[in-house]
Amino acid sequence: MPLSKGLLANLLNKGFHKPTQIQHETLEYLISGRDLLGIAQTGTGKTGAFLIPVIEQLLSSRNNFQTLVVVPTRELALQVETEFKSLSVGMSLQSSSFIGGTNVNTDLKKARRRPHLIIGTPGRLMDLANQRALRFDGISTLILDEFDRMLDMGFVNDVKKMVQAMTNRKQT
């Protein structure tokens with residue numbers, strides 16, 4: 001895989017020796033900044049398929065940018081954040097997850113720090129945006145994880161509002 005040494009080392013430390021099919025088929029597209037829709041079964045490495053290119057772009061970019069990962073559930077948000085942290089060990093990359101059921105004052109403080117990776121559920125993300133703690137116009141990469149489930153759960157209008165506010169989005 002055409003990745004930085006640190007990222008490759010972290011992948012090997014996690015026991016990954018070769019990419020899954022979805023990772024192999026999407027890596028170069030995503031690193032080059034192209035938009036992509038990926039569909040694969042549970043357990044095939046979709047989270048790595050979008051996190052590995054994001055980390056690589058953050059490491060190789062001269063411009064500091066933010067990525068937003070919108071997920072339908074609290075559990076998935078925490079899973080994505082845990083995976084990001086394990087893949088970016090020693091890289092000085094910051095992430096924050098924003099989910100319902102947590103202290104909103106803590107989330108307000110975390111949002112103002114401008115982490116590299118923002119992960120959250122639509123309701124909490126919109127709440128933070130409405131309180132002006134989170135701005136979508138500075139986010140350049142958008143990831144909609146399990147978007148079909150978000151639609152089933154009725155989050156379509158929140159997602160539309162976020163997308164409309166991302167005036168500087170370069171990649172989805």
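On one side of helix H2 (residues 21–31), Gln21, His24 and Glu28 are exposed, exposed denoting a relative accessible area over 50%, buried one under 20% and partly exposed the range in between (1.4 Å probe, protein chains only). Helices (H or I, at least four residues) and strands (E, at least two) are DSSP runs, numbered from the N terminus. The model is a predicted one, in which local features need pLDDT of at least 70 and side-chain atom pairs count only at pLDDT 80 or more, whereas totals for chains, interfaces and linings use all residues. Residues are numbered from 1 along each chain as its sequence is written, and side-chain values use heavy atoms, with hydrogens and water left out.

The buried residues of H2 are Ile22, Gln23, Thr26, Leu27 and Leu30. They lie on the same side of H2 because they cover an arc of only 135° around the axis, the arc being that of the directions from the helix axis to the C-beta atoms. An α-helix has 3.6 residues a turn, so residues three or four places apart point the same way. The buried residues of H2 pack against helix H3 (46–60), where contact means heavy atoms within 4.5 Å. Just after H2, Gly33 adopts a positive phi of about 90°.

Within H3, Ile52 is buried, with a relative accessible area of 3%. Leaving aside neighbours within four places in sequence, the contacts of Ile52 are Met1, Leu3, Leu7, Leu11, Leu27 and Leu87.

In the largest nonpolar core, which has 24 residues, Leu7, Val69 and Val80 touch the most other members. A nonpolar core is a set of buried Ala, Val, Leu, Ile, Met, Phe, Trp, Tyr and Cys residues joined through side-chain atoms within 4.5 Å. Helices H1, H3 and H4 and strand S3 each contribute at least two residues to this core, and H3 provides the largest share, 6 residues. A second, separate core of 19 residues includes Leu108, Phe155, Val159 and Met162. Apart from neighbours within four places in sequence, Val69 is in contact with Phe50, Val80, Leu117, Ile118, Ile119, Gly120, Ile143 and Asp145.

Pockets were located on a 1 Å grid over the protein atoms alone: a pocket is an open set of points with protein on both sides within 12 Å along at least five of seven lines, a cavity is a set of points where a 1.4 Å probe fits but cannot get out, and lining residues have an atom within 4 Å of a point. Grid points are joined across faces, edges and corners, and a volume is the space filled by probe spheres set on the points. The largest pocket holds about 980 Å³ of space. Its lining comprises 34 residues, of which Gly38, Lys46, Leu144, Asp145 and Glu146 are the closest to its centre. Two or more lining residues come from each of H2, H3, helix H4 (74–87), strand S4 (139–144) and helix H7 (147–152), with H3 giving the largest share, 7 residues. By class, this lining has 15 nonpolar, 13 polar and 6 charged residues; Ala, Val, Leu, Ile, Met, Phe, Trp, Tyr, Cys and Pro count as nonpolar, Asp, Glu, Lys and Arg as charged, and the others, Gly among them, as polar.

The second largest pocket has a volume of about 290 Å³. Of its 16 lining residues, Leu11, Phe16, Lys18, Pro19 and Gln23 lie nearest its centre. Helix H1 (5–13), H3 and H4 each supply at least two residues of this lining, which by class has 8 nonpolar, 6 polar and 2 charged residues.

Three loop positions complete the description. Thr121, in the loop between strand S3 (117–120) and helix H6 (122–130), counts as buried at 8% relative accessibility. Beyond neighbours within four places in sequence, Thr121 is in contact with Val71, Pro72, Thr73, Arg74, Phe98, Ile99 and Gly100. Most residues other than glycine have a negative phi. Ser92, although not a glycine, has a positive phi of about 55°; Ser92 is placed in the loop between H4 and strand S2 (95–98) and is exposed, with a relative accessible area of 64%. Arg132, also not a glycine, has a positive phi of about 65°. Arg132 is placed in the loop between H6 and S4 and counts as exposed at 73% relative accessibility.
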